[in-house]
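Welcome to my notebook. I am opening a structure that is new to me, and I will jot down what I look up as I go.

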Amino acid sequence: CLWIRHAAPYLLKVSLPALLTQFLWQSGYLSLFVIVAALPDSVDDLAGMTAGIRVESMLFMPAVAFNMTASIMTGNLLGAGKTGEARRTGLALTVLGAVCMSSIGACMWFFMEPLAQFFSPDQAVQDQIGSYLFYNILSTPFTVGSMILNGVMTGAGATVYTLIVNTSCIWLVRLPLAWTLAHALHGGSRGVYIAMLTSMMVQASAMLWVFFYKNWPAHAMRRQGARGAR
């Protein structure tokens, strides 16, 4: 009970922005599906997008492991008072993860057509799968880099930064741009995929700016706080 009384304010400070980030991110994806569903050829577009997400998930599963590793290592290092090492480790994991997953994505580039044929026998859906994978494989370094930096911020307890950056990029960049390109400019599903790529470039750039120019290590629980919570 004593530990809970001391730790609860910090846990709420970290967990509430993380919860809100996930809610707004997932609701943003639902809104993206609505934008695609409103297109004239929405059946093929949605089928291709759904299948493309399945293929993409295989590419980004290792990125989740990098995200969790960055979170754990950053938290441990900051808890030990090793701020400089936490910064170096976070940056090293980000670069390593982005390079590794981009290399895998480059290899997948040559198998987009067979993958599309595996997931659907319909040519129109295959074209949509290929289009989705084209733009999302291009976004691999930005998506993976952003995911790992999110893990760094989570480990540091600086989830407020992920809340601001992630939700701003999906609600202020991705969704308005997707609607504009897909509907106003009649770009169809390709416009949605371009908006996804653009938003991830903006998100990765914003997270890098936060990493280098904001004092995110200050959000970590200090050692004296940990002793007081025992």
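Next I looked up who takes part. On the α3 side I noted Gly90, Leu93, Thr94, Gly97, Ala98, Met101 and Ser102, and on the α6 side Thr140, Pro141, Val144, Gly145, Ile148, Leu149 and Val152.

For the geometry, I located α3 at residues 83-109 and α6 at residues 140-156. Their axes lie 8 Å apart, and the packing angle is about 150°. Angles over 145 degrees count as roughly antiparallel, so that is how I describe α3 and α6 relative to each other.

**Asn150**

I stayed with helix α6, where Asn150 is found. Is Asn150 buried or exposed? I read a relative accessible area of 13% for Asn150; since buried means under 20%, Asn150 counts as buried. I also listed what Asn150 touches, leaving out residues up to four places away in sequence: Asn67, Thr162, Asn166, Gln203 and Met207.

**Gly79**

My next stop was helix α2, which covers residues 42-79 and includes Gly79. With a relative accessibility of 29%, Gly79 falls into the partly exposed class, because that class sits between 20% and 50%. I then asked how many residues separate Gly79 and Pro217 in sequence. The count is 138, while their C-alpha atoms are 9.9 Å apart in space.

**The whole chain**

Stepping back, I counted the secondary structure: 9 helices and 0 strands. Reading along the sequence, I wrote the pattern down as α-α-α-α-α-α-α-α-α. The C-alpha trace spans about 65 × 30 × 30 Å along its principal axes. Of the 230 residues in the chain, 44% are buried. I also checked the contacts with a separation of 6 or more, and 81% of them join residues 24 or more positions apart.

Last, I looked up the confidence. The average pLDDT of the chain is 89, and 94% of the residues score at least 70. Residues 225-230 are where I slowed down: the pLDDT there is below 50, and this stretch has 6 contacts in the model beyond near neighbours in sequence. A reminder to myself: where pLDDT is low, predicted coordinates should not be read in detail.

Technical notes. Residues numbered from 1 in each chain as written. Predicted model: local features only at pLDDT ≥ 70, side-chain atom pairs only at ≥ 80, totals over all residues. Heavy atoms only, no water. Axes fitted to C-alpha atoms, helices over the stretch in contact; angles between N-to-C directions. Helix = DSSP H or I, 4+ residues; strand = E, 2+ residues; numbered from the N terminus. Parallel < 35°, antiparallel > 145°, perpendicular 65-115°, else oblique. Contact = heavy atoms within 4.5 Å. Buried < 20%, exposed > 50% of the residue type's maximum accessible area, 1.4 Å probe, protein only. pLDDT = per-residue confidence, 0-100.
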